[in-house]
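Me: I would like to go through a structure with you, one topic at a time. Could we start with what the terms mean?

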Amino acid sequence: MASCRRLSGAGLREVLGPAQGLLFDCDGVLWAGERAVPGAPELLERLRRSGKAAFFVSNNSRRSVAELERRFGLLGFGGVRAEHIFSSALCSALFLRQRLLGDGGAGGRVFVLGGEGLRGELRDAGLRLQGDGAAAAAEPVRAVLVGYDDQFTFAKLAQACVYLRDPRCLLVATDPDPWHPLSDGRRTPGTGSLTAAVETASGRRAVVVGKPNTYMFDCIMERFGIDPSRTLMVGDRLETDILFGKNCGLSTILTLTGVSRLEEAQAYMASDSAAAKDLVPNYYVDSIADLIPGLDE
Amino acid sequence: MAGPAGPRRCRRLEAEAARAVLGAADTLLFDCDGVLWRGEAAVGGAAAALGRLAAAGKRLCYVTNNSSRTRAAYTEKLRRLGFPPAQPRHVFGSAYCAARYLRQALPPGAAAYVLGSPALAAELEAAGVPHLGPGPAALPGPAPADWARAPLDPAVRAVLVGFDEHFSYAKLCQALRYLQRDGAGCLLVGTNRDNRLPLEGGAAIPGTGCLVKAVETAAQREAFIVGKPSRYIFDCVASEFDIDPARTIMVGDRLDTDILMGNTCGLTTLLTLTGVSTLEEVQGHQESGCPSRHSLVPDYYVDSIADLLPALEE
């Protein structure tokens with residue numbers, strides 16, 4: 001079992017030295033609200049100079065990759081390339097493209113519970129969306145996709161259930177997050193709470209694209225072919241980021257600038273349940289800026 | 001969970017057994033949708049059967065998870081569809097019971113933030129429970145950042161979730177804000193967990209259970225459920241009337257609400273097949289190795305409550 005050791009001093013070099021790349025969650029790791037975590041842009045710059053790859057894996061399904069790329073720039077992160085950014089919006093689009101338009105796929109439209117960022121990624125992947133125009137109105141809806149939807153209504157929930165009566169219609173969720181932190185410490189409901197409503201109404205279980213499931217890692221592997229044994233996962237949420245790392249065979253680093261508290265990690269470590277132990281990170285840092293001394297000058 | 005004579009066997013209720021079971025009962029509790037009527041159409045023979053039961057001196061009460069109607073509206077529907085006259089005090093809807101629960105559980109002056117129907121609001125009003133909502137969210141702007149700035153009412157100490165056709169992300173946000181503000185000091189109450197409300201022709205609309213689940217997931221806590229299969233709704237009946245569980249029959253069409261409540265409260269349970277649950281489902285529960293699933297098996301079943309008529313003939 002992982003031992004949740006503070007990463008510092010000599011340990012930093014031992015762990016970071018051999019690593020070829022790092023996967024970073026974004027919210028709560030690189031930035032919190034509208035501000036970069038102090039030292040985070042410098043860390044990415046130092047990784048680049050050390051020849052280590054950085055990839056970004058976000059469960060946030062509100063933003064398209066293009067919007068995320070802009071956000072990196074706005075918050076002071078230089079030189080982050082779009083092809084290194086994997087959002088649940090993008091990966092949901094890739095997943096649905098594979099299932100609906102790939103070999104053996106039946107085609108069909110997607111009914112989306114989500115905003116324009118998510119819809120744009122789906123359209124860019126060649127998918128046709130319910131409500132996008134009357135042209136292919138005869139084409140049946142073959143997937144319901146639940147994402148972060150601040151315009152979610154009872155009527156949309158009922159509509160989703162109508163489509164899901166067809167057992168061939170997929171039910172997919174971008175991520176399982178039950179809530180997200182706002183910058184003032186309050187919480188806003190996440191995709192997980194909306195998915196729970198759709199699952200309860202339809203009697204179906206959703207396929208969840210985002211962390212802790214491994215599909216987003218498959219997307220990264222497909223594009224870049226990285227070596228899990230030489231890659232570290234850095235995140236702030238034990239139930240998604242750290243479990244994701246475990247599921248993908250990566251060593252994990254918890255950063256304390258986001259959702260999960262060290263006490264929670266320690267509680268999981270002390271628990272008798274095998275499932276709880278999978279949520280324990282290998283290492284933790286107060287902030288990812290603490291990783292900088294582990295890299296060559 | 002076993003009945004008085006071992007595991008419940010879901011026997012067809014007819015002939016001598018029907019006469020004996022009905023004869024031994026003082027009180028019958030009826031679920032409504034799928035038992036007495038489907039939509040606006042009474043189940044054939046149901047009104048006649050209840051008429052005979054009333055004439056035989058049985059006490060008839062109505063126990064429904066539907067939070068979209070007041071007790072008065074139910075008595076009116078019973079009258080309209082030809083059932084024996086009933087007073088509001090015979091009707092135990094989840095809206096009425098939720099209002100009762102909050103009146104007793106909330107400190108004086110405390111209010112409830114309601115995701116629900118006008119009927120739920122009316123029952124809260126009648127019980128003297130201050131409340132905010134229902135209806136569409138009153139939004140100070142189009143974006144979540146705007147909603148987060150709207151002031152919270154300091155009197156709110158409970159979030160109540162019922163059937164709400166105006167349910168939206170904005171209202172879910174508000175509910176979460178209240179639950180987060182007071183932590184355990186803010187009650188989370190749901191009228192019921194029915195996941196689906198069947199319509200004619202096999203379609204269904206999402207039930208209150210979906211909305212309760214959304215709030216529970218966002219808030220990471222469990223709601224107190226007032227309606228079947230919770231004991232609470234039965235306790236409301238028992239507090240109004242002198243009920244002897246051993247002489248009371250619960251008649252329903254849903255195993256996971258009506259029958260489970262009846263079994264848990266020590267009543268005799270009778271499944272009617274005019275609604276949601278099937279005999280195949282009963283069999284599945286009987287054959288499962290799981291004791292908690294045995295609690296979903298009724299003592300008896302009928303195809304329709306009209307089947308009780310022969311046992312009620314003079």
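Reply: Let us begin with the salt bridge, which is a side-chain nitrogen of Lys or Arg within 4 Å of a carboxyl oxygen of Asp or Glu. Please keep in mind that this is a predicted model.

Me: Which residue forms a salt bridge with A:R6?
Reply: The partner of A:R6 is A:D286, and their closest N and O atoms are 3.1 Å apart. This pair links distant parts of the chain, 280 residues apart. A:R6 belongs to strand β1 of chain A, while A:D286 lies in the segment after β16 of chain A.

Me: Are those two buried, exposed or partly exposed?
Reply: A:R6 is partly exposed, at 39% relative accessibility. A:D286 is also partly exposed, with a relative accessible area of 37%.

Me: What about chain B? Where do B:E40 and B:R80 lie?
Reply: B:E40 lies in the loop between β3 and β4 of chain B, and B:R80 lies in helix α3 of chain B, so the pair ties together parts that are 40 residues apart in sequence. Their side chains meet in a salt bridge, at 3.2 Å from N to O. B:E40 counts as partly exposed at 47% relative accessibility, and B:R80 is partly exposed at 41%.

Me: Which residue forms a salt bridge with B:K171, and is B:K171 buried or exposed?
Reply: B:K171 forms a salt bridge with B:D164, with 2.7 Å between the closest N and O atoms. B:K171 is buried, with a relative accessible area of 1%, and B:D164 is buried as well, at 0%.

Me: Which residues are joined into one network by salt bridges that share partners?
Reply: That network consists of B:E40, B:E76, B:K77, B:R79 and B:R80.

Me: Back to the interface. How many residues does the contact take from each chain?
Reply: The contact takes 27 residues from chain A and 29 residues from chain B. The area buried between the two chains is about 2,300 Å², and carbon and sulfur atoms give 64% of this area.

Me: Which residues in chain A lose the most area to chain B?
Reply: They are A:F154, A:P189 and A:T200, which together make up 28% of what that side buries.

Me: How many residue pairs are in polar contact between the chains?
Reply: Seven residue pairs are in polar contact between chain A and chain B. On the side of chain A that touches chain B, the elements giving two or more residues are α6, β12 and α7 of chain A. The largest share, eight residues, comes from α7(A). The residues of that side divide into 13 nonpolar, nine polar and five charged.

Me: New topic: how many disulfides are there over all chains?
Reply: The count comes to zero disulfides over all chains. For A:C91, the nearest cysteine sulfur is that of A:C219, 3.7 Å away. A disulfide needs two cysteine sulfur atoms within 2.5 Å, so A:C91 is in no disulfide. A:C91 is buried, with a relative accessible area of 0%.

Me: What about A:C169: how far away is the nearest cysteine sulfur?
Reply: The nearest cysteine sulfur to A:C169 is that of A:C161, 11 Å away, and A:C169 is in no disulfide. A:C169 is buried, with a relative accessible area of 1%.

Notes:
Residues numbered from 1 in each chain as written. Chains lettered and ligands numbered in written order. Predicted model: local features only at pLDDT ≥ 70, side-chain atom pairs only at ≥ 80, totals over all residues. Heavy atoms only, no water. Buried < 20%, exposed > 50% of the residue type's maximum accessible area, 1.4 Å probe, protein only. Helix = DSSP H or I, 4+ residues; strand = E, 2+ residues; numbered from the N terminus. Contact = heavy atoms within 4.5 Å. Buried area = accessible area lost by both parts, 1.4 Å probe. Polar contact = N/O pair within 3.5 Å; in protein donor to acceptor, adjacent residues only side chain to side chain. Nonpolar A, V, L, I, M, F, W, Y, C, P; charged D, E, K, R; others polar.
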